[in-house]
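The questions below ask what stands behind some of the labels used for this model. Each answer sets a value against its definition.

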Amino acid sequence: MASLPVEILLGIYLGLLVGMVPALISWALGFIFKYVTNVTLPGFGVAALAIALAGVNGGLLALADRSITSSPNAPRVITAIVVVSMISMYAHNRGDNLGATLPKRLSLSDFRPRTLSKDFADLIGSGDEVRIRVVGEVADMEGYPPLPEELRADLRNAEFTFPVDLRIDELEERMADRLTTEYDLGDVSVAIDERGRATLVAAPPFSGLSKRISDNRHAVSVSGLVPTGLARGDEVTVITPNAQVRGTVVSANTGDSERTTGDSVAGDPEPSIPDETDGEEVPKPVRAPTTEGGEGRVTVAVTRTDVQPLLRADRAKVVVESRGTRREYEVISLLRRADKRFRRFTVRAGSALVGQTLGSAGLRDAYGVAVFAVRTAEGWIVAPRGDTALEEGDELFAVGTRDELETFSGAVSTTDRVPGGDD
C-alpha cells in the first residue's frame, strides 16, 4: 500500500478520470429540469447519482460500506468519491443557472441584428438621420425612489437624432448614455422599437456622494485654486507639500457660486444655434456644469492609500490632466478653416454614377469634390483608388465646399451623364 499522500493524489486522479461523464449528466439534468419545469433538483441527490454512475454502487452510501472503508485502498476510493461528488454538484449548479437564464422562446430573429424600419421611422434631412422620441409614460425603476414629476415630464418630451444605419441595440445604448449624461440619471433602461419609438425606465439622480464613487475609492475634499472649466469626471492631480495624488473629480465649487459641478443642469433652457451643414436650427447641446475658476473646494475620488496625504494638507494645487486628443475633431476643424465640408451620399437607382469607377467619373474635375471613403456591400474602403467601382446603394463620403457638395448631390440621384465621365 502506498503512503497516504500518494493515495490521496491517486484518488484525485481517479475521481477526475471517472467523474467527467457523471458531471456531464449532472449538468444536463440540472439544465433540463430548470429550463423545462423551473424546478431545481437537490444537489446531494445529483451527487449520489453521479457517484453511482462512476462505479461505486449506492452512491454516498458507499462511505458507510465496511468493505470499502476497510479496504487497503480506502483513502484512494474515498478521495475519488469526494472529487466525483464535487464535480457533479458544480456541473449541476452551472446547468441549473443556465436553465434559469436562457430565454424560454428563441427564434431566428433573436440572432439577426435588428434595425429601424425606414418606411415607418421618423427620418430627417436626406434620410441619413432618424429622430427618436419617447412614447408613453416614463416608468420608475424598481429599487429606486420615484422620479420627480418635473424630471418625468422632461424625459417624456425628450427626443434625439442618431444615424439611421445604427442597429437598434446601438441606438438604445447611445440614447441611454445621452440621457444619463444630460439628465444626470442614476440609472436608465431604454427600449426602442423598429419605428424609432423609445420607452424608458429611469431612476432619479443620485443625491448621495457615495453613489458617485466606484468601488475601492474614497472621496476627499481639498481647498485650493480651482481651474476654470473643471467638471465632474475630470482626471486631476492634487499636489500637496508632501505628495502628489491622482484622482477623479466628484464635485467642485468656486467662490460663492451656487452651482457646482455636482448639480444637474439638464432642465435649463438652451438657445438654438445654426447647423453649419444645412442651416437648420438645432438645439444647442447640453454641457456639463463647470467651475468658474478661483478659490474653492474640490472633492476627488482617490485610492485608500492616498487619503491620508490629502487629509493632512490644509491647501493643495489642482492640475487637470489631459485625456488625449480626438484626431477626428482636429480634421473637422482644419476642413472648416479651409471652408470645406464633408457629407455622406447614397448612390440612387438610375444614377449616372452606377457602373462607373471613381477614376472614370472624374468627380474632382467635374464637381471639385474628393471622395475619401466608400461603403459598399462588402464593407468600408478608405482612401479608395480610381478603379473602385460604384453600384446602387453604395455610400460615398465626399469633401468640398457647400456649393460643390450641393451640385454633386444631384449627380448621385440623376440619370444625366457625369461631366468628365466616359462617353
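Q: Which residues does Met-175 touch, not counting residues up to four places away in sequence?
A: With contact defined as heavy atoms within 4.5 Å, Met-175 touches Ile-132, Val-134, Phe-160, Phe-162, Val-190, Ile-192 and Ala-198. This is a predicted model, in which local features need pLDDT of at least 70, side-chain atom pairs count only at pLDDT 80 or more, and totals for chains, interfaces and linings use all residues. Residues are numbered from 1 along each chain as its sequence is written, and side-chain values use heavy atoms, with hydrogens and water left out.

Q: Why is Phe-160 called buried?
A: Its relative accessibility is 5%, and buried means under 20% relative accessible area, exposed over 50%, and partly exposed in between (1.4 Å probe, protein chains only). Phe-160 therefore counts as buried. Phe-160 is in strand β4, residues 159-163, where strands (E, at least two residues) and helices (H or I, at least four) are DSSP runs numbered from the N terminus. Among its contacts beyond four places in sequence are Val-130, Ile-132, Met-175 and Leu-179.

Q: Why is His-92 called buried?
A: The relative accessible area of His-92 is 5%, so this residue is buried. His-92 belongs to helix α5, residues 74-101, and touches Ser-26, Trp-27, Gly-30 and Thr-40, among others.

Q: Why is Leu-4 called exposed?
A: Leu-4 has 51% relative accessibility and therefore counts as exposed. Leu-4 is found in helix α1.

Q: How do you know that the buried residues of α6 line one face of the helix?
A: The buried residues of α6 (149-156) are Leu-151, Arg-152 and Leu-155. Seen down the axis, they fall within an arc of 100 degrees, so they line one face; the arc is that of the directions from the helix axis to the C-beta atoms. Glu-149 and Glu-150 are exposed on the other side of α6. The buried residues pack against β2 (129-134), β3 (139-140), α7 (168-183) and β6 (197-203).

Q: What makes a set of residues a nonpolar core, and which members of the largest one touch the most other members?
A: A nonpolar core is a set of buried Ala, Val, Leu, Ile, Met, Phe, Trp, Tyr and Cys residues joined through side-chain atoms within 4.5 Å. Of the 27 residues in the largest nonpolar core, Leu-155, Met-175, Leu-179, Val-190 and Ile-192 touch the most other members. Its largest share, six residues, comes from α7.
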